[in-house]
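Work through the exercises below with the sequence and the model side by side. Try each task before reading its solution.

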Amino acid sequence: MTAPLEGKAALVTGGSRGIGAAVALRLAEDGADVALTFQSGERAAQEIVDRIKGLGRRALAVRADSAEATAVRAAVDEAAAEFGRLDILVNNAGAGVLGPIADISSADVDRVLAVNVRAPYLAAQAAVAHLREGGRIISIGSCMAERVAFPGGSLYAMSKSAMTGMTKALARELGPNGITVNLVHPGPIDTDMNPADGESAEMQAGLTALGRYGRPSEVAATVAHLAGPAGDYISGASIAVDGGFAV
Ligand code: NDP
């Protein structure tokens, strides 16, 4: 049986750890060549690249801080040049600054908006030059864009909510070209950013219907669904993978 993403090429931003690494590996398992960006953790990025190559796929790690506009655009073009095509963009890299509004600095606001909003927009813009019929833009939002069940989320929730507007508008704009644009909202997922044994983990798990943290692979499964042929008729959608956090 042919793998669903055989012959496709993907770029996953922030693909060296956590949800992004799980997405990169899953897309490779499904047959895609995969490029990933990272900010500073070169060794972790190389490990994921080696694992993707071990699956028989081509892989590339690009150091690109999503806070830098030129780096984001260059990473998209580099991935497309390396693989000779680009079919799937996954906007995953994110900055998670939480806290009472009085404690949030102007620099925090600039950085979170640069990483969580400007970078996905610019990456999508750069990707559009390469994507063709069947292309995919999938962004990782947050359950906190839908329901903010505890205080301290004003900046993060604001940034992730912006992805809803981008996704819907781009879905309309790119639909005629056969490109789908979707958003995945994870709930509490066990990663370095939000460890399942962290300070507020019990509270977060308790806010889900299932009463537990999710695994990065559980988010990756939905991204893979959207990226593959099963996602052909899904566009402009926001899909929660949050254990019922936003219910
Ligand atoms: P992690 O902190 O576990 O992993 C972050 C990954 O992104 C690493 O590969 C890291 O690379 C890279 N990265 C971080 N900042 C940048 C940057 N500025 N530019 C490029 N790469 C960067 O995060 P998660 O896997 O938990 O989160 C992934 C996404 O999911 C984020 O958008 C987050 O907001 C979202 N999310 C996560 C939830 C959770 O509970 N974990 C819940 C809801 C949404 P390096 O090691 O080099 O820094």
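**Exercise 1. State which residues line the second largest cavity, and describe them by element and class.**

Solution. 
1. Start with the term: on a 1 Å grid over the protein atoms alone, a cavity is a set of points where a 1.4 Å probe fits but cannot get out, and lining residues have an atom within 4 Å of a point.
2. The second largest cavity is lined by N91, N92, A93, N116, P120, I140, K160 and M163.
3. Two elements, α4 and α5, each give two or more residues to this lining. Helices (H or I, at least four residues) and strands (E, at least two) are DSSP runs, numbered from the N terminus.
4. Sorted by class, the lining holds four nonpolar, three polar and one charged residues. Ala, Val, Leu, Ile, Met, Phe, Trp, Tyr, Cys and Pro count as nonpolar, Asp, Glu, Lys and Arg as charged, and the others, Gly among them, as polar.
5. The volume of the second largest cavity is about 40 Å³. Here a volume is the space filled by probe spheres set on the points, and grid points are joined across faces, edges and corners.

A note on the source: this is a predicted model, in which local features need pLDDT of at least 70, side-chain atom pairs count only at pLDDT 80 or more, and totals for chains, interfaces and linings use all residues. Residues are numbered from 1 along each chain as its sequence is written, and side-chain values use heavy atoms, with hydrogens and water left out.

**Exercise 2. Describe the largest cavity by its volume and lining.**

Solution. 
1. The whole structure has two cavities of 30 Å³ or more.
2. The largest cavity holds about 100 Å³ of space.
3. Its lining consists of 14 residues, and T13, S66, V72, N91 and A119 are the closest to its centre.
4. Helices α3 (69–83) and α4 each contribute two or more residues to the lining. The largest share, four residues, is from α4.
5. By class, nine of the lining residues are nonpolar, five are polar and none is charged.

**Exercise 3. Which residues lie nearest the centre of the largest pocket?**

Solution. 
1. A pocket is an open set of grid points with protein on both sides within 12 Å along at least five of seven lines.
2. The largest pocket contains about 1100 Å³ of space.
3. Of its 47 lining residues, G94, A95, G96, T191 and M193 lie nearest the centre.
4. Helix α1 gives the largest share of this lining, three residues.
5. The classes are 20 nonpolar, 21 polar and six charged residues.
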